[in-house]
Amino acid sequence: MTDTLRKVIPLADMRYASRVPNVPARLSAPAGLLSDTLGRPLRDLRISVTDRCNFRCSYCMPSEVFDKDYAYLPQNSLLTFEEITRLAKIFVAHGVEKVRLTGGEPLLRKNLEVLIGQLARLQTPAGKPLDITLTTNGSLLARKAQQLKDAGLQRVTVSLDALDDAIFRRMNDVDFPVADVLAGIDAAHRAGLSPVKVNMVVKRGTNDCQIEPMARHFRHSGAVLRFIEYMDVGATNGWRMDEVLPSSQVIERLQAEFPLAAIDPNCSGETAERWRYLDSAGEIGVISSVTQAFCGQCNRARLSTEGKLFLCLFASQGHDLRALLRGNYADEQIAAAVGPIWQARSDRYSQVRAALPIDASPAGNNAKRVEMSYIGG
Ligand code: SAM
Ligand code: SF4
Ligand code: SF4
């Protein structure tokens with residue numbers, strides 16, 4: 001296949017696969033108690049604030065696709081901070097308690113602290129402040145941690161796939177040094193964005209040799225290191241099952257060096273399975289999206305950079321809320337349109353895939369999925 005052909009993938013089109021939600025004539029006020037067809041509540045909203053990134057992790061934005069000719073979303077199609085806050089308020093009325101800002105690389109969005117300040121003023125129907133967190137590659141965190149904290153950010157998750165500088169530079173594919181991300185993590189600790197979580201996507205044969213060094217480094221640091229199974233998200237990363245290292249093997253390898261005990265989840269719907277070091281060196285987690293699907297508890301909705309609502313990381317179609325925002329609908333009308341969308345939700349992609357033989361899995365049909373950098377991780 002030539003390079004030109006390899007780039008002709010339908011992901012750009014997938015961004016436009018959406019429908020404008022129906023706005024019901026009879027409005028009913030949100031009661032914070034939405035439940036989907038599988039009885040799952042709506043509690044967590046992930047908001048992508050940009051589809052751009054300064055890294056080119058091959059499992060997310062491979063450089064041969066996301067190159068200088070890639071057509072990112074035009075500025076005027078991005079939701080403004082006011083539009084994001086308006087939607088967040090509607091989702092909070094429907095039961096959302098936690099907002100995670102993501103991307104792309106969220107710290108590339110100019111003046112992000114202004115958005116955080118606006119979100120920090122929202123309250124749940126029970127009068128509690130919204131739990132606001134952010135996932136970042138850490139490249140700009142050393143500079144921005146304190147400012148983000150001052151604006152109202154509570155916690156941060158930093159993605160870091162290796163401690164070895166050469167492996168890390170290869171994985172981010174822009175030659176970015178690991179020391180700068182570590183400096184970002186330190187700055188986050190100092191600013192009180194705690195507990196800092198560190199996410200490592202494990203790709204067998206690429207960075208699994210970093211599992212033990214990462215664990216050694218973050219023991220006793222206060223950071224919670226989480227090992228994520230490499231997922232078949234998007235249509236461009238060339239995912240293969242044989243590159244997935246099951247979390248059970250990660251735990252087995254760590255147990256050989258550091259005895260661990262399983263601990264209870266913090267809350268229902270938590271993606272990570274938690275473990276603690278028996279010598280009180282802290283906590284780690286594993287996120288087994290591939291080998292132990294957790295769809296049964298999935299309470300997450302995703303809002304893309306341009307205001308499309310996705311009900312699953314693997315969805316192939318969004319619901320165009322920006323069309324309502326810019327179509328002069330009142331908040332009550334938009335809220336009334338959102339409720340039935342969640343109530344009709346039946347997505348459970350990972351469970352369905354796990355039940356299929358690998359070569360008959362929906363991954364074989366992966367051209368019909370939006371990218372992680374667009375929908376937000
Ligand atoms: N740029 C930010 C970052 O890297 O933290 C935020 C966006 S990124 C899409 C969110 C998370 O998704 C990161 O922790 C990243 O490692 C994870 N991720 C991206 N592609 C993935 C894949 N194919 N499998 C598992 N995790 C993935
Ligand atoms: Fe960028 Fe995050 Fe995707 Fe890596 S995982 S390419 S840092 S958006
Ligand atoms: Fe949730 Fe979809 Fe992931 Fe299942 S596959 S856990 S429904 S996002």
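How close do the axes of helix α8 (residues 211-218) and helix α9 (residues 247-257) come, and at roughly what angle do they cross? That pair opens this friendly note, after a word on conventions. This is a predicted model, in which local features need pLDDT of at least 70 and side-chain atom pairs count only at pLDDT 80 or more, while totals for chains, interfaces and linings use all residues. Residues are numbered from 1 along each chain as its sequence is written, chains are lettered from A and ligands numbered from 1 in the order in which they are written, and side-chain values use heavy atoms, with hydrogens and water left out.

1. **Helices α8 and α9.** The two axes come within 10 Å and cross at roughly 55 degrees. Axes here are lines fitted to C-alpha atoms, for helices over the stretch in contact, and angles run from 0 to 180 degrees between N-to-C directions. Helices and strands are DSSP runs (H or I, at least four residues, for helices; E, at least two, for strands), numbered from the N terminus. α8 and α9 are therefore oblique to each other; angles under 35 degrees count as roughly parallel, over 145 as roughly antiparallel, 65 to 115 as roughly perpendicular and the rest as oblique. Their crossing is right-handed, a term used if the near helix is turned clockwise from the far one by less than a right angle, with anticlockwise giving left-handed.

2. **What meets at α8 and α9.** From α8, Ile211, Glu212, Ala215 and Arg216 meet Val250, Arg253, Leu254 and Glu257 of α9, where contact means heavy atoms within 4.5 Å. By class, this contact has four nonpolar, no polar and four charged residues. In this scheme Ala, Val, Leu, Ile, Met, Phe, Trp, Tyr, Cys and Pro count as nonpolar, Asp, Glu, Lys and Arg as charged, and the others, Gly among them, as polar.

3. **Serine 288.** This residue lies in the loop between β10 (283-287) and β11. Serine 288 counts as buried because its relative accessibility is 4%; buried means under 20% relative accessible area, exposed over 50% and partly exposed in between, with a 1.4 Å probe and protein chains only. Leaving out residues up to four places away in sequence, serine 288 touches Glu229, Ser247, Ala293 and Phe294. Between serine 288 and leucine 254 there are 16 Å in space, C-alpha to C-alpha, and 34 residues in sequence.

4. **Helices α3 and α11.** Here the axes of α3 (residues 81-93) and α11 (residues 331-343) come within 10 Å and cross at roughly 55 degrees. That makes α3 oblique to α11, and the crossing is right-handed. Arg86, Leu87, Ile90 and Phe91 of α3 make the contact with Asp331, Ile334, Ala335 and Val338 of α11. Six of these contact residues are nonpolar, none polar and two charged.

5. **Leucine 27.** Please look also at the loop between β1 (18-19) and β2 (44-48), the place of leucine 27. With 44% relative accessibility, leucine 27 counts as partly exposed. Neighbours within four places in sequence aside, leucine 27 is in contact with Glu332, Gln333 and Ala336.

6. **Helices α4 and α5.** The axes of α4 (residues 112-120) and α5 (residues 141-151) come within 8 Å and cross at roughly 25 degrees, so α4 is roughly parallel to α5. α4 passes α5 in a right-handed crossing. Glu113, Ile116, Gly117 and Ala120 in α4 meet Gln147, Leu148 and Ala151 in α5. The classes of this contact are four nonpolar, two polar and one charged.

7. **Backbone points to check by eye.** The peptide bond from serine 194 to proline 195 is cis, with omega near -5 degrees; proline 195 is in the loop between α7 (178-191) and β6 (197-202). Asparagine 111, although not a glycine, has a positive phi of about 55 degrees and is placed in the loop between β3 (98-102) and α4. Aspartate 173 also has a positive phi, near 60 degrees, and is found in the loop between α6 (165-172) and α7.

8. **The ligand shells.** Cys53, Phe55, Cys57, Tyr59, Cys60, Met61, Gly104 and Asn137 surround ligand 2, a residue being near a molecule or strand if one of its heavy atoms lies within 4 Å of it. That shell divides into six nonpolar, two polar and no charged residues. Around ligand 3 there are 13 residues, of which Cys295, Cys298, Cys312, Leu313 and Ser350 come nearest. The shell around ligand 3 has seven nonpolar, one polar and five charged residues.
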